[in-house]
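Visitor: I would like to go through this structure term by term. Please set each value against its definition.

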Amino acid sequence: MHTKQTQIPIQLGEPVEHRGVVVAPLFPREQPRAKYLTLEEALPLGFRVAEVDAAGSVPELAVHNPLESNVLLYDGEELLGAKQNRILNVTVLIAARSKTRIPVSCVEQGRWHARSAFFGAARHAAYPELRRRKAERLSAAPLARGVAQSEVWDALSEKAGRLGVHSPTGAQADVFGAHEHDLGALRDAFRLQPGQSGALLALEGRVCLDYLSLPQAFARLYPKLLEGYLLDALEHLDGKATGDPGAFLTALAEAPRSLGPSAGLGDDIRLGGDGIVGSGLELDGELVQVCAFSSENEGSKTRIARPSRRR
């Protein structure tokens, strides 16, 4: 890896608070250059994700992209089916007309038998707490296979226990499914805004940021990310709204970062500093994606006293 200053071309919008949960929209400051499809767009066109072979390998999946377009798979997106459900360890930009192997983590510990030949897309992404713990574990070796698996299983088991969910296979999808009604009661408070290209969650001192360069791609991804935000929020409803989105963006822009090889096109970005852990993807000098979290060793927490818009 080598260090390099990467600009963060993000504009913060008006935060929205509902029941102690704050979500601020993010907007691009620059005209996007990279073009790509999302998983939901690509799957009906013949894009395929499968086990690497008949025996399968827990920390790795095979991707076949027969399309003329690049396809972006986002950090924490869940893939359903095959021998067991998985989540993306890192964001991967799959080249057009290519075959690629991608690093993943299992989020269904109790199943290892085929339900389908290919994976489908879940309606949710992994929740921020799990993604943060995965990112912290992978910070030194983001493409290493299996390094974060124990941490992912521990985080998921603890979450299911706190939310009172028993799953026969220990599936993250079952935790979401068990709280569908509760999540549905919160969704409408945090609607996507025109031109929005990212979101920042602030929840009792914890912050999670997700950003994509293409607003139309983020519009497809946002419902998944929001489900994850709200699953974490269920444990903190009606608490104090703490965490400062503006301060987090400033800290993110100043955080040390390094570039290294990615699992697909572009360069993998690792972000780390005082109270921040995160990752991203850069292609030809453009920041295509970034996700970042306030980390366990954060030095201070700044309160949002009164967000400008409440619901």
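Guide: Start with an open sheet of six strands, in the order β6-β7-β12-β10-β9-β13, with antiparallel pairing. This is a predicted model, in which local features need pLDDT of at least 70, side-chain atom pairs count only at pLDDT 80 or more, and totals for chains, interfaces and linings use all residues. Residues are numbered from 1 along each chain as its sequence is written, and side-chain values use heavy atoms, with hydrogens and water left out.

Visitor: Why do β6 and β13 stand at the edges of the sheet?

Guide: β6 (48-51) and β13 (119-125) each have a single partner strand, so one side of each lacks a neighbour in the sheet. Strands here are DSSP runs (E, at least two residues), as helices are (H or I, at least four), numbered from the N terminus. On average, neighbouring strands of this sheet are turned by 40° against each other, direction ignored.

Visitor: What makes β6 and β7 a pair?

Guide: Two strands pair if DSSP finds at least two bridges between them. β6 and β7 (residues 60-65) have four bridges, in the antiparallel sense. Glutamate 51 stands opposite leucine 61 in β7. Strands of a sheet pair through backbone hydrogen bonds, either parallel or antiparallel.

Visitor: What packs on this sheet, and which strands are touched?

Guide: Helix α6 (residues 215-233) does, touching β9 (77-81) and β13. Contact means heavy atoms within 4.5 Å. The direction of α6 makes about 60° with that of β13.

Visitor: How do you know how α2 and α3 run relative to each other?

Guide: Helix α2 (residues 128-138) and helix α3 (residues 149-162) pack at about 155°, with axes 9 Å apart. Axes are lines fitted to C-alpha atoms, for helices over the stretch in contact, and angles run from 0 to 180 degrees between N-to-C directions. Under 35 degrees counts as roughly parallel, over 145 as roughly antiparallel, 65 to 115 as roughly perpendicular, and the rest as oblique. Therefore α2 and α3 are roughly antiparallel.

Visitor: Which residues of α2 and α3 meet?

Guide: Glu129, Leu130, Arg133 and Lys134 in α2 meet residues of α3, including Glu151, Asp154, Leu156 and Arg162. The contact residues divide into four nonpolar, no polar and eight charged. Nonpolar covers Ala, Val, Leu, Ile, Met, Phe, Trp, Tyr, Cys and Pro; charged covers Asp, Glu, Lys and Arg; the others, Gly among them, are polar.

Visitor: What makes β18 mostly covered?

Guide: Eight of its eight residues are buried. Ile276, Gly278, Gly280 and Glu282 lie on one side, and Val277, Ser279, Leu281 and Leu283 on the other.

Visitor: Which strands pair with β18?

Guide: β17 (residues 267-273) pairs with β18 over seven bridges, antiparallel. Aspartate 267 stands opposite glutamate 282. Eight bridges join β18 to β19, also antiparallel. Here leucine 283 stands opposite glutamate 286.

Visitor: What is in the turn between β18 and β19?

Guide: This hairpin has two residues between its strands, and aspartate 284 in the turn has a positive phi of about 50°. At 71% relative accessibility, aspartate 284 counts as exposed.

Key
Buried means under 20% relative accessible area, exposed over 50%, partly exposed in between (1.4 Å probe, protein chains only).
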